[in-house]
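Welcome to my notebook. I opened this structure today and wrote down what I looked up, one entry at a time.

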Amino acid sequence: MARGIVVVIASVNRPRELGRWVEHIARQTLKPCEMIWAVTSQADLPEGYELGSVTQGFSILECPVGLTRQRNRGLAHISSDPEYVVFFDDDYVPTASCLADIVRAFEIMPEVVGLTGTMLGDGICTRGIEYEEARALVERYEQGRVFPQKPSLEPWEGLYGCNMAYRAGVIEGEEFDENLPLYAWQEDVDFAVRVARGRPMGRTDAFAGVHQGIKGGRGSGRRLGYSQIVNPLYLLRKGSMKWRKALVMASRNVIANHVRSARPEPWIDRRGRVVGNWVALWDVARGRVDPMRALEL
């Protein structure tokens with residue numbers, strides 16, 4: 001099984017979800033050679049865990065706030081020589097064979113440099129998926145499941161940040177863009193496109209899990225609304241997003257926020273996002289495309 005796989009999880013203000021990863025890893029048929037929790041304070045940790053502790057390949061890092069910063073510190077802290085590195089969100093619930101399936105998929109598809117798995121459920125655009133429901137979805141999937149003889153690969157422009165796996169060699173020396181602050185919307189796409197350099201990556205049916213889409217820890221609606229406009233344009237300028245995708249993504253968010261602001265979903269601050277959208281549009285009209293400006297809102 002090659003040289004092993006490292007798991008990196010960045011988390012803020014979700015001690016319950018983060019703590020469940022102890023159970024998730026215990027269930028894995030293939031154990032990681034390292035697991036790294038990149039958090040911002042002691043308050044992010046479940047009871048019984050301490051900042052700076054290192055125990056049997058399990059490390060807890062204190063990092064500056066921001067998903068890209070936390071993931072970069074996690075990458076820099078890897079002390080083993082792994083073959084693969086996988087980034088999971090704290091509220092991702094993997095199958096018991098998830099890590100083994102990732103390794104097997106890479107071995108079967110040697111040309112592929114990055115993978116994201118099949119979503120058995122994704123609560124990011126809804127009120128979220130409760131943990132008990134997520135576990136039930138995983139358990140139903142695991143019953144009688146057989147690893148595909150020839151795993152699929154659906155090419156993507158980027159990978160889905162809640163479950164993205166890479167060959168360690170292709171991300172060596174790469175960093176997540178710390179100019180994308182806080183929740184760092186679209187940082188996963190930016191990183192994946194820069195790493196790929198035209199090489200194949202994408203979504204596969206080789207591994208699977210559930211993304212609960214927990215709403216806590218995501219920050220204000222105004223800041224996200226700002227990022228929904230500015231971040232795609234910033235990535236367009238960088239060359240890590242095509243103009244059509246950037247335009248469609250920004251336009252779709254503006255329309256959705258305005259249409260739904262009259263009767264917003266209880267779990268989404270639509271009106272805050274509308275304000276953030278308009279501040280972003282005003283800045284862009286004046287030639288300012290700076291994702292860090294979201295911190296001022």
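Which ring does the charged end of arginine 20 sit over? I found that it is the ring of tyrosine 131, with the charged end 3.9 Å from the ring centre. I count a charge as sitting over a ring if NZ of Lys or CZ of Arg is within 6 Å of the ring centre and within 35 degrees of the ring normal.

Before going on, I noted that this is a predicted model, where local features need pLDDT of at least 70, side-chain atom pairs count only at pLDDT 80 or more, and totals for chains, interfaces and linings use all residues. Residues are numbered from 1 along each chain as its sequence is written, and side-chain values use heavy atoms, with hydrogens and water left out.

**Strand E4**

Four of its five residues are buried, so the rest of the structure largely encloses E4. Buried means under 20% relative accessible area, exposed over 50%, and partly exposed in between (1.4 Å probe, protein chains only).

I then checked its partners, given that two strands pair if DSSP finds at least two bridges between them. Strand E2 (residues 34-39) runs parallel to E4, joined by five bridges, and tryptophan 37 stands opposite isoleucine 60. Strand E3 (residues 54-55) is antiparallel to E4, with two bridges; valine 54 has serine 59 as its bridge partner. E3 and E4 make a hairpin with two residues between them, and glutamine 56 in the turn has a positive phi of about 50°.

**Aromatic rings**

I searched the whole structure and got eleven aromatic pairs. Rings of Phe, Tyr and Trp (its six-membered ring) pair if their centres lie within 6.5 Å; planes under 30 degrees apart are stacked, over 60 edge-to-face, and the rest tilted. Tryptophan 37 and phenylalanine 58 are edge-to-face, because their planes are at 80°, with centres 4.6 Å apart. This pair links strands E2 and E4, 21 residues apart. Tryptophan 37 is buried at 0% relative accessibility, and phenylalanine 58 is buried at 15%.

I also noted phenylalanine 87 and tyrosine 166, edge-to-face at 6.4 Å and 75°. Arginine 71 lies over the face of phenylalanine 176, 5.7 Å from the ring centre.
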